[in-house]
Amino acid sequence: MIKRSEYNKLQQLAGEMMIEAGIVLREDEIERIAIADFGLSDIYNEGGQILTFFETARIGTKVIALLPNQTLPEHWHPPVGNDPGKEEIIRAISGEVRFYIPGKGEIKKGFIPNGKTDCYTMRNEVIIKPGEQIILPPGTKHWFQAGKEGAVMYSFSTCVRDGLDGFTDPKIVRETKIVEDK
Ligand code: ZN
């Protein structure tokens, strides 16, 4: 849950970060940036600011802005019918992005949000910097976190079905609830 004023403020901030990173945006797109708190009501620690450029039945492109040290919760894109699930490529545009994926590595530069060890099971750290990218095959568990300056990245993917994503944290609700300021 997030207050309307906070939601609007974060849309502006994320829009500025995207433009600063060199992405060309229309004015009306800033108002379309989704502030995702994943129902955790702790947006500065866990969440993300996401602008969907387009989504067709087969392909989608988004830009994601993460605030300094903000963490996008661990999730995976499960198979649906005959489809093996969403394949996703994240390409960093500005700032450092710390990725956590299956493998033997350990967390070195990043951190698990306070008190949430059980909700973040991937510990293999891969850092991507502007111009670098990571390919996440369908079903791969992943979470990611911006460095201390925040980060902006592209997300290219096959068919988007965000509502069906799996999350490690049982408290997560994909829809952000906005409450009006009193
Ligand atoms: Zn994902």
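**Chatting through a predicted model**

Me: What does N69 count as in terms of accessibility, and why?
Reply: N69 counts as partly exposed because its relative accessibility is 27%, which lies between the 20% limit for buried and the 50% limit for exposed. Keep in mind that this is a predicted model.

Me: Okay, and where is N69?
Reply: You'll find N69 in the loop that links β4 (59–66) to β5 (71–76). Its phi is positive, about 60°, even though N69 is not a glycine.

Me: Let's go inside. How many residues does the largest nonpolar core have?
Reply: The largest nonpolar core has 21 residues, and I90, V97, F99, F144 and M153 have the most contacts within it. Several strands supply at least two residues each: β4, β6 (88–94), β7 (97–101), β9 (133–136), β10 (142–146) and β11 (151–158). The largest share, three residues, is from β7.

Me: What does M153 touch, if I skip its neighbours in sequence?
Reply: Setting aside residues within four places in sequence, M153 is in contact with K62, V63, I64, L66, I90, R91, A92, I93, V97 and F144. There is also another core apart from that largest one, with 18 residues, including A14, M18, A65 and I93.

Me: Switching to S155: buried or exposed?
Reply: S155 is buried, since its relative accessible area is 1%, below the 20% limit. S155 belongs to strand β11.

Me: Which side chain does S155 make a polar contact with?
Reply: The side chain of E88, at 3.1 Å. Not counting residues up to four places away in sequence, S155 touches G60, T61, K62, I64, E88, I89 and I90.

Me: New topic, pockets! How much space lies in the largest pocket?
Reply: About 240 Å³. Among the residues lining that pocket are Y7, R32, I50, K62, D162, R174 and E175. Both β2 and β3 supply at least two lining residues each, and β2 gives the most, with three.

Me: What kinds of residues make up the lining of the largest pocket?
Reply: Five are nonpolar, two are polar and five are charged.

Me: Last one: what volume does the second largest cavity have?
Reply: About 60 Å³. H77, P78, V80, G85, K86, C159, R161, L164 and D165 line that second largest cavity. Four of these lining residues are nonpolar, two are polar and three are charged.

Key. Residues are numbered from 1 along each chain as its sequence is written. This is a predicted model: local features need pLDDT of at least 70, side-chain atom pairs count only at pLDDT 80 or more; totals for chains, interfaces and linings use all residues. Side-chain values use heavy atoms; hydrogens and water are left out. Helices (H or I, at least four residues) and strands (E, at least two) are DSSP runs, numbered from the N terminus. Buried means under 20% relative accessible area, exposed over 50%, partly exposed in between (1.4 Å probe, protein chains only). On a 1 Å grid over the protein atoms alone, a cavity is a set of points where a 1.4 Å probe fits but cannot get out, and a pocket is an open set with protein on both sides within 12 Å along at least five of seven lines; lining residues have an atom within 4 Å of a point. Grid points are joined across faces, edges and corners, and a volume is the space filled by probe spheres set on the points. Ala, Val, Leu, Ile, Met, Phe, Trp, Tyr, Cys and Pro count as nonpolar, Asp, Glu, Lys and Arg as charged, and the others, Gly among them, as polar. A nonpolar core is a set of buried Ala, Val, Leu, Ile, Met, Phe, Trp, Tyr and Cys residues joined through side-chain atoms within 4.5 Å. Contact means heavy atoms within 4.5 Å. A polar contact is a pair of N or O atoms within 3.5 Å; within protein, one must be able to donate a hydrogen and the other to accept it, and residues adjacent in sequence count only if both atoms are side-chain atoms.
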